[in-house]
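Hello,

Here is the structure I promised to pass on to you. Please open it next to this email, and then read on for what I found in it.

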Amino acid sequence: VIFVALLSATYLGRLFGLSERMATLIGVGVGICGVSAIIGTTGAIDAKEEDASYAIATIMVFGAIMVFLFPLLGHMWGLSDEFFGFWTGLSLDNTAAAVATGFAYSEAAGNLATVVKLSRNALMGVVILIIALLYARKGLRDRVENKAAFLWSRFPKFLLGFLAFSLLATLGFFDPGQVKALDNMSKWFFLLTFAGVGLSTEFSRMKAGLKPFLVGLGVETVAAAVSYVMILLLLGV
Amino acid sequence: LTVNELTMRLSRSINLGLGSARYLPGICLLFVVGYLGKIVANYVPHTEYVLFAIAIGMLLRNTIKIPQIFVPGINTYEFWLKTGIVLMAAAWPCKMSFPSVLPACCWWWQ
């Protein structure tokens, strides 16, 4: 999905005459995990901050639209929680939007969407490194000195917390009461998150106009379609 | 770790504590908007509150100018997302059957 998104962003971007860096940014945003991926890549390919800010606004608006659109499609097509969770986790760009969309369908779908999205996030560093190396080869940025440090600096650290907690829980470290309490706490934190997603979505910030939006839309549609087919093949439903 | 470094870190974390007060208004707003979403969802059958929380938030953001005092707190939502995900992991083993996640892992790590 990631590579498809990147390729189609570059292609569509060229079609619409966007700068290559901008196209790469939007592609990465849609392909991996939205805002944080864009910020990570901005540094890696030395893009302009302005480009990044527009790209982020576009991704946010997109996420907000998908939160409403995906469950609608899901109910229309009668998708199972499992299918919907995979689909959302694979095709939505922004982690917050993916989690929100999953939970907008059902709790089971939300849990699955989150986990699937997290495993994509874990790969973010690798993709950014490859892009940085490609740009370096083209002479568009400085060389990458230490690849391991580069990867580590882009690894989402909270995933370590996630892994640690699931390991502890699997080992039976928490009693059922504690699990319930932590789960409740997590639900309240998600409530704050969802409100924040809405409050951070500003339509007028997409100043760059229609073109980047259309490129994003094209990429997102391709990503959603590709992951839909992929899940069909994978789950054999 | 020298004493000097330690004092520096200590004073930095104290500053952090004092500075965190500025996040409060925005976090309260997040809570109000989210809870409002929950209330509205109670009146509309077959919907999840998520949609309403986001819709109300977007409505606010795009119709009125959010006072500056709320902005730092609103921006903390990614922190709540990450913390929520980490805590969710505690309840994860009993909620999700391992086989359902396995295909995803195989696919991405192959």
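Let me begin with a definition: a residue is called buried when its relative accessible area is under 20%, exposed when that area is over 50%, and partly exposed in between. Lys187(A) has a relative accessible area of 33%, so Lys187(A) is partly exposed. Please keep in mind that this is a predicted model.

**Chain A as a whole**

Chain A has twelve helices and zero strands. If you follow the chain from its N terminus, you pass α-α-α-α-α-α-α-α-α-α-α-α. Of its 237 residues, 58% count as buried. Now take the contacts in chain A between residues at least 6 apart in sequence: 74% of them join residues at least 24 apart.

Helix H11 of chain A covers residues 176–199, which makes 24 residues. From its first C-alpha to its last it reaches 35 Å, close to the 34 Å expected at 1.5 Å a residue. The N-terminal end of H11(A) is capped by Asp175(A), which has a side-chain oxygen 3.0 Å from the backbone nitrogen of Gly177(A).

Side chains of opposite charge can pair when their charged atoms come close. How many salt bridges are there over all chains? The count comes to three.

Two of these involve Lys187(A), and I'd look at them together. With Glu107(A), Lys187(A) forms a salt bridge in which the closest N and O atoms are 3.6 Å apart. This pair links distant parts of the chain, since Lys187(A) is in helix H11 and Glu107(A) is in helix H7, 80 residues apart. Glu107(A) is partly exposed, with a relative accessible area of 36%.

The other partner of Lys187(A) is Asp183(A), with 3.2 Å from N to O. Here both residues lie in helix H11 of chain A, four residues apart, or about one turn of the helix. An α-helix has 3.6 residues a turn, so residues three or four places apart point the same way. Is Asp183(A) buried or exposed? At 7% relative accessibility, Asp183(A) counts as buried.

The remaining salt bridge joins Arg61(B) and Glu202(A), at 2.7 Å from N to O. This pair crosses between chains: Arg61(B) is in helix H3 of chain B, and Glu202(A) is in the loop between H11 and helix H12 (210–235) of chain A. Arg61(B) counts as partly exposed, at 23% relative accessibility. As for shared partners, salt bridges join Glu107(A), Asp183(A) and Lys187(A) into one network.

**Where the two chains meet**

The size of an interface is often given as the accessible area lost when the parts come together. For chain B and chain A, the buried area is about 5000 Å², and carbon and sulfur atoms give 80% of it. The contact takes 62 residues from chain A and 48 residues from chain B.

How many salt bridges does the rule find across this interface? It finds one, and that is the pair of Glu202(A) and Arg61(B). There are also seven residue pairs in polar contact between the chains.

Which elements give two or more residues to the side of chain B that touches chain A? They are helix H2 (24–43), helix H3 (49–63), helix H5 (77–95) and helix H6 (98–109) of chain B. H5(B) gives the most, with 18 residues. By class, this side of chain B has 36 nonpolar, six polar and six charged residues.

Ser106(A) sits in the loop between helix H6 (95–105) and helix H7 (107–122) of chain A. With a relative accessible area of 12%, Ser106(A) is buried. Leaving out residues up to four places away in sequence, Ser106(A) touches Asp81(A) and Glu48(B).

Thr88(A) lies in helix H5 (residues 81–91) of chain A. Thr88(A) is buried too, with a relative accessible area of 0%. Which residues does Thr88(A) touch, not counting those up to four places away in sequence? They are Phe70(A), Ala98(A), Thr101(A), Gly102(A) and Ala113(A).

Enjoy exploring!

Best wishes

Conventions. Residues numbered from 1 in each chain as written. Chains lettered and ligands numbered in written order. Predicted model: local features only at pLDDT ≥ 70, side-chain atom pairs only at ≥ 80, totals over all residues. Heavy atoms only, no water. Contact = heavy atoms within 4.5 Å. Buried area = accessible area lost by both parts, 1.4 Å probe. Salt bridge = Lys/Arg side-chain N within 4 Å of Asp/Glu carboxyl O. Polar contact = N/O pair within 3.5 Å; in protein donor to acceptor, adjacent residues only side chain to side chain. Nonpolar A, V, L, I, M, F, W, Y, C, P; charged D, E, K, R; others polar. Expected span 1.5 Å × (residues − 1). Buried < 20%, exposed > 50% of the residue type's maximum accessible area, 1.4 Å probe, protein only.
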